[in-house]
Amino acid sequence: FFFFSSRRRHTRFLPVSWARRCVQETAYNEHIKPNMGIIDLFRVFSLSHEFKFIPIRQEEKVEIVKLLESVPIPVKGSPEDPSTKVNVLLQAYISRLKLDGYALNADMVYVTQSASRIVRGLFEVFLRRGWASIAETTLNVAKMIDKRMWSCMTPLRQFRGIPEEILRRIEKKEQFTWEHFYNMSAQQIGDLVKFPKLGKTLHKMVHQFPRVEIKAYVQPITRSCLRVELAITPDFQWDENIHGYSEPFWIMVTDVDNEICLLYTSDAADDLLCVDLGGRRIIKKK
């Protein structure tokens, strides 16, 4: 399902046929819609052909009911339905919940081995159909699976060495967005978490998160045609130990309602401090 390409110091794996195969499955065609939400997305995932033989064992029913009460995304379906089990196992994996029983843990491993591939395949499907909103939601879910953390958690959890108490303090500051942290000084961050000595370290981590600045220049060509030029500039501190040799980005051009995807492309910022568009290095960091 992947082809391999190597350019300079880059190694990239890109899906080439999974999206087409994904569209052909009856379960997906019957349930995917442009106005889907995250609840429906988890439901569609649980109906994947790969999981149709996962059983519901008698000894698991009590724990599945408990998981249904613990997972953050409501599950549509009966506890007796195998798709419900798949759904809660994926959410339990993201939430890092501990499971009882060897068989249930084995099923979770089986589900999560295919989770990232299937969700990114669905993302490709939604992109090809021009469904902007659900495509963005699906990409976010794919990142949640990869990092095993929900989007409501602070991204700083991806770094090791930060005390759990500090992370919880940050997550309780719901009025402060990630943009607020980005614009704060080291001293302000230290005062906010009530740990001044950690302010400089947290400030550095915040500015190591991948981020790009985009400026768009739009020029009408005809009544039905626009010319759009994007100036894309990486705006974060590169660390090869964290970012490797490249950091991929998806760029989508949508309508004003964020419903229709007009154009999309996958680009990468790299350790040469530039943005790569279709193999051409066009924007360099200041």
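View 1. Accessible areas here come from the Shrake-Rupley method with a 1.4 Å probe, and for residues only the protein chains shown count as cover. The chain has 12 helices and 8 strands; these are DSSP runs (helices are H or I with at least four residues, strands are E with at least two), numbered from the N terminus. Of the 286 residues, 39% are buried. Buried means under 20% relative accessible area, exposed means over 50%, and partly exposed is in between (1.4 Å probe, protein chains only). Now for contacts, meaning heavy atoms within 4.5 Å: among those between residues at least 6 apart in sequence, 52% join residues at least 24 apart.

As for the ground rules, residues are numbered from 1 along each chain as its sequence is written, and side-chain values use heavy atoms, with hydrogens and water left out. Since the model is predicted, local features need pLDDT of at least 70 and side-chain atom pairs count only at pLDDT 80 or more, while totals for chains, interfaces and linings use all residues.

View 2. Zoom in on H4, which covers residues 61–70. Which residues of H4 are buried? They are Glu-63, Ile-64 and Leu-67. These residues sit on the same side of H4 because they cover an arc of only 100° around the axis, where the arc is that of the directions from the helix axis to the C-beta atoms. The buried residues pack against helix H5 (82–95) and helix H6 (102–129). Now check the face turned away from the buried side: it carries Val-62, Lys-66 and Glu-69, which are exposed.

**View 3. The hairpin of strands S3 and S4.** Here strand S3 (residues 212–222) meets strand S4 (residues 225–234), and the two pair in the antiparallel sense over 10 bridges. Two strands count as paired if DSSP finds at least two bridges between them. S3 and S4 form a hairpin, with 2 residues between them.

View 4. Val-218, Leu-226 and Val-228 make a nonpolar surface patch of about 270 Å². Patches are made of residues with over 30% relative accessible area and no salt bridge; like charges are joined within 9 Å, and nonpolar side chains (Val, Leu, Ile, Met, Phe, Trp, Tyr) within 5 Å. Take a look at Val-228, which lies in strand S4. Val-228 is partly exposed, with a relative accessible area of 39%.

View 5. Find Met-252 in strand S5 (residues 246–254). Is Met-252 buried or partly exposed? With a relative accessible area of 25%, Met-252 is partly exposed. Leaving aside residues up to four places away in sequence, Met-252 touches Leu-127, Ala-135, Glu-136, Cys-261, Leu-263 and Tyr-264. Met-252 and Ala-135 are 117 residues apart along the chain, and their C-alpha atoms are separated by 9.7 Å.

**View 6. Salt bridges.** How many salt bridges does the structure hold? There are 16, each one a side-chain nitrogen of Lys or Arg within 4 Å of a carboxyl oxygen of Asp or Glu. In one of them, the side chains of Glu-164 and Arg-157 meet at 3.0 Å, N to O. Glu-164 is partly exposed at 36% relative accessibility, and Arg-157 is partly exposed too, with a relative accessible area of 24%. Another salt bridge brings together the side chains of Arg-57 and Glu-60 (2.4 Å, N to O). Arg-57 is partly exposed, with a relative accessible area of 24%, whereas Glu-60 counts as buried at 4%. Then there is Arg-227, whose side chain meets that of Glu-229 in a salt bridge (2.7 Å, N to O). Salt bridges that share partners also join Arg-57, Glu-60, Lys-85 and Asp-107 into one network.
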